[in-house]
Amino acid sequence: MSEDRRVLIACLAGSFFVYHTAKKNHISAISNGRKMDSYRNCQIFKCTSHGAVFQGYEDRSFLLVNGKTGKFLTARQHPKLVKVQCEIRDDIVKIKFPNSEEISFNLNGTGKIIRATLFDDLKQDGYDCGDLIANAFSEYLGESDIRLIYHKPGMYTERTTVPESNWWNNPVPKRKDDARFNDLAPFMITTQSSLDALNEKLESKVTTRRFRPSILIDGPVEWDEDKWAEIKIGDVRLECFAPCTRCVLTTVDPELGVMNRDVQPLKTLREFRLAPEGKMREAHKESPVFGVYAGLKDSSKENYIHVGQTVYARYKPSAF
């Protein structure tokens with residue numbers, strides 16, 4: 001039996017079970033933006049309490065906001081944002097829009113603090129990245145007064161995540177997490193087998209880029225992530241604490257920057273991946289589940305993971 005195709009033979013309650021391998025590590029510098037090289041070539045990154053970090057890339061550390069209201073903007077409102085490319089080296093950020101030249105700015109020269117308004121009207125601060133890039137985004141999206149902001153750990157946030165009892169049927173872990181401009185958690189994890197299972201139901205296949213995971217794992221059976229209490233990759237232990245529920249952003253083609261007219265793959269996911277009836281359905285409503293949210297088991301134990309490492313998982317008593 002090859003190293004990367006081992007299967008679970010036996011287990012004991014509370015133990016870690018060997019799975020296959022970490023297939024890909026992903027970092028998205030701009031929330032919902034495309035990457036020049038970090039998505040495809042991020043073979044290794046550091047798992048921190050705020051999320052993934054690799055050289056100059058800090059996962060989801062940038063965000064677009066309306067300069068007057070502070071309301072955040074993503075590819076949900078502007079699908080063509082996924083075509084914007086970003087590269088960061090030595091604190092120099094290079095942004096490239098389709099059919100235009102690169103625009104660069106220095107992270108060390110970021111300006112005033114802007115208070116953004118995100119989900120549930122919760123506030124989070126970021127440094128303004130300057131007029132040049134702001135004007136470029138405003139022109140590209142056809143919307144006035146758009147600002148690009150950059151969040152660093154320690155800045156003001158109202159978005160500390162405390163797991164709620166109705167997120168799972170099993171008891172949720174007692175923990176608190178601060179992330180950058182992530183939707184909910186420092187890490188979001190999906191599996192290749194679950195993507196394959198979804199694609200079997202779709203006429204037009206989709207790639208993992210539709211779901212923007214921090215970590216893609218190859219090997220376990222489809223939807224096995226529903227059962228995970230914790231995973232271990234090398235010296236990194238990630239505690240799972242919520243299912244990742246999906247929205248209209250999954251319908252945006254990451255290559256074309258347009259939404260699918262048939263609302264796929266979201267429509268198909270809703271047919272078989274809604275949360276179980278009861279408190280979970282009341283919490284997550286019509287948003288289907290694909291993937292799992294996680295954070296460091298011990299925030300003081302930050303370390304690196306890389307593609308090809310064996311992944312171990314510890315189960316909950318049941319799915320969800």
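The following legends describe close-up views of a predicted model.

**View A. The largest nonpolar core of the model.** This core holds 57 residues, and Ile133 and Phe137 touch the most other members. Strand 17 (residues 236-245) supplies six residues, the largest share of the core. Another core, of nine residues, lies apart from it and includes Leu198, Leu202, Trp223 and Phe290.

**View B. The salt bridge between Arg89 and Glu87.** The closest N and O atoms of this pair are 2.5 Å apart. Arg89 is partly exposed, because its relative accessibility of 43% lies between the limits of 20% and 50%. Glu87 has a relative accessible area of 14% and is therefore buried, the limit being under 20%.

**View C. The salt bridge between Asp131 and Arg147.** Here the closest N and O atoms are 2.8 Å apart. Arg147 is buried, with 12% relative accessibility.

**View D. The salt bridge between Arg175 and Glu239.** The side chains of Arg175 and Glu239 meet at 2.6 Å, N to O. Distant parts of the chain are linked by this pair: Arg175 is in the loop between strand 13 and strand 14 (187-191), whereas Glu239 is in strand 17, 64 residues apart. Both residues, Arg175 and Glu239, are buried.

View E. For the model, the count of salt bridges comes to 18.

Conventions. Residues are numbered from 1 along each chain as its sequence is written. This is a predicted model: local features need pLDDT of at least 70, side-chain atom pairs count only at pLDDT 80 or more; totals for chains, interfaces and linings use all residues. Side-chain values use heavy atoms; hydrogens and water are left out. A nonpolar core is a set of buried Ala, Val, Leu, Ile, Met, Phe, Trp, Tyr and Cys residues joined through side-chain atoms within 4.5 Å. Buried means under 20% relative accessible area, exposed over 50%, partly exposed in between (1.4 Å probe, protein chains only). Helices (H or I, at least four residues) and strands (E, at least two) are DSSP runs, numbered from the N terminus. A salt bridge is a side-chain nitrogen of Lys or Arg within 4 Å of a carboxyl oxygen of Asp or Glu.
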